[in-house]
Amino acid sequence: MNVSVSPASSLIIKGESNVNKFQCSYDVLQFSDSIEVSFISDKAYLNFTNTQLHLKNSFFDCGHKAINRDFNKLLKTDEFPSIKIELISAHNQPNNLSIMTKLNIVISGISKRYDIPVEVDKTTDGVMICGNLPIDINDFNLSPPKKLLGMIKVSNKIEIDFNLAVKTSE
């Protein structure tokens with residue numbers, strides 16, 4: 001099965017420094033290709049095979065040229081041009097409206113697994129998949145940038161906030 005991500009989607013990386021907050025929004029219009037979704041159903045579990053979303057670092061906009069440059073430097077975009085998110089499995093949680101998913105995320109060549117609850121709501125065009133994933137960039141061997149001789153420090157804690165409107169494509 002193939003799915004496509006609609007322009008009604010959003011994917012935002014949120015962070016903060018000791019001075020202010022920032023967010024880098026992904027240009028969802030860059031999701032032009034459909035994504036192949038392959039899975040095996042095992043009772044309440046879905047086990048996915050090679051279901052991946054590649055996010056090109058250069059398609060994130062942090063609202064200012066200097067912040068975009070720092071963002072791409074942090075992610076080592078010259079060497080690792082994209083973030084890869086792979087869906088491993090999903091299952092319903094008893095007595096809960098969310099679905100627990102297992103994701104493998106690769107940032108700057110480092111891979112980490114996460115369990116994240118997501119909400120899935122049916123829409124007229126398909127489904128809306130919503131979630132929030134807090135991560136520590138130190139887990140990916142990344143060092144948060146410092147500015148003004150270290151007076152401005154970016155927190156190593158960030159959040160990936162996503163609302164993906166997806167529909168099956170023929």
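Because the model is predicted, local features need pLDDT of at least 70 and side-chain atom pairs count only at pLDDT 80 or more, whereas totals for chains, interfaces and linings use all residues. Residues are numbered from 1 along each chain as its sequence is written, and side-chain values use heavy atoms, with hydrogens and water left out.

**The largest pocket**

Begin by selecting Phe48, Leu87, Val120, Ile129 and Val166, which lie nearest the centre of the largest pocket among the 36 residues that line it. A pocket here is an open set of points on a 1 Å grid over the protein atoms alone, where a 1.4 Å probe fits, with protein on both sides within 12 Å along at least five of seven lines, and a lining residue has an atom within 4 Å of a point. The space in this pocket comes to about 940 Å³, a volume being the space filled by probe spheres set on the points, which are joined across faces, edges and corners.

Colour next the elements that give two or more residues to the lining of the largest pocket, namely β1 (2-5), β6 (45-56), β8 (82-92), β9 (99-107), β10 (110-122), β11 (127-136) and β14 (157-169); strands are DSSP runs of E with at least two residues, helices are runs of H or I with at least four, and both are numbered from the N terminus. By class, the lining has 26 nonpolar, seven polar and three charged residues, where Ala, Val, Leu, Ile, Met, Phe, Trp, Tyr, Cys and Pro count as nonpolar, Asp, Glu, Lys and Arg as charged, and the others, Gly among them, as polar.

**A buried glutamate and the salt bridges**

Move to Glu86 in strand β8, which is buried yet has no salt bridge, the nearest side chain of opposite charge being Lys84 at 4.7 Å. Buried means under 20% relative accessible area, exposed over 50%, and partly exposed in between, with a 1.4 Å probe and protein chains only; a salt bridge needs a side-chain nitrogen of Lys or Arg within 4 Å of a carboxyl oxygen of Asp or Glu. Lys and Arg count as positive and Asp and Glu as negative, while His and the chain ends are not counted. Leaving aside neighbours within four places in sequence, the residues in contact with Glu86 (heavy atoms within 4.5 Å) include Asn50, Gln52 and Lys102.

The structure holds three salt bridges. Select Lys102 and Asp115, whose side chains meet at 3.0 Å, N to O, and which link strand β9 to strand β10 across 13 residues. Then show Lys157 and Asp136, with their closest N and O atoms 3.2 Å apart; Lys157 lies in β14 and Asp136 in β11, so the pair ties together parts that are 21 residues apart in sequence. Finally, Asp161 forms a salt bridge with Lys14 at 3.4 Å, joining strand β14 to strand β2 (residues 10-16), 147 residues apart.

**Loops**

Most residues other than glycine have a negative phi. Lys76, in the loop between α1 (65-74) and β8, also has a positive phi, near 55 degrees, but is partly exposed at 35%.

End at Thr123, in the loop between β10 and β11, whose C-alpha atom is separated by 41 Å from that of Lys153.
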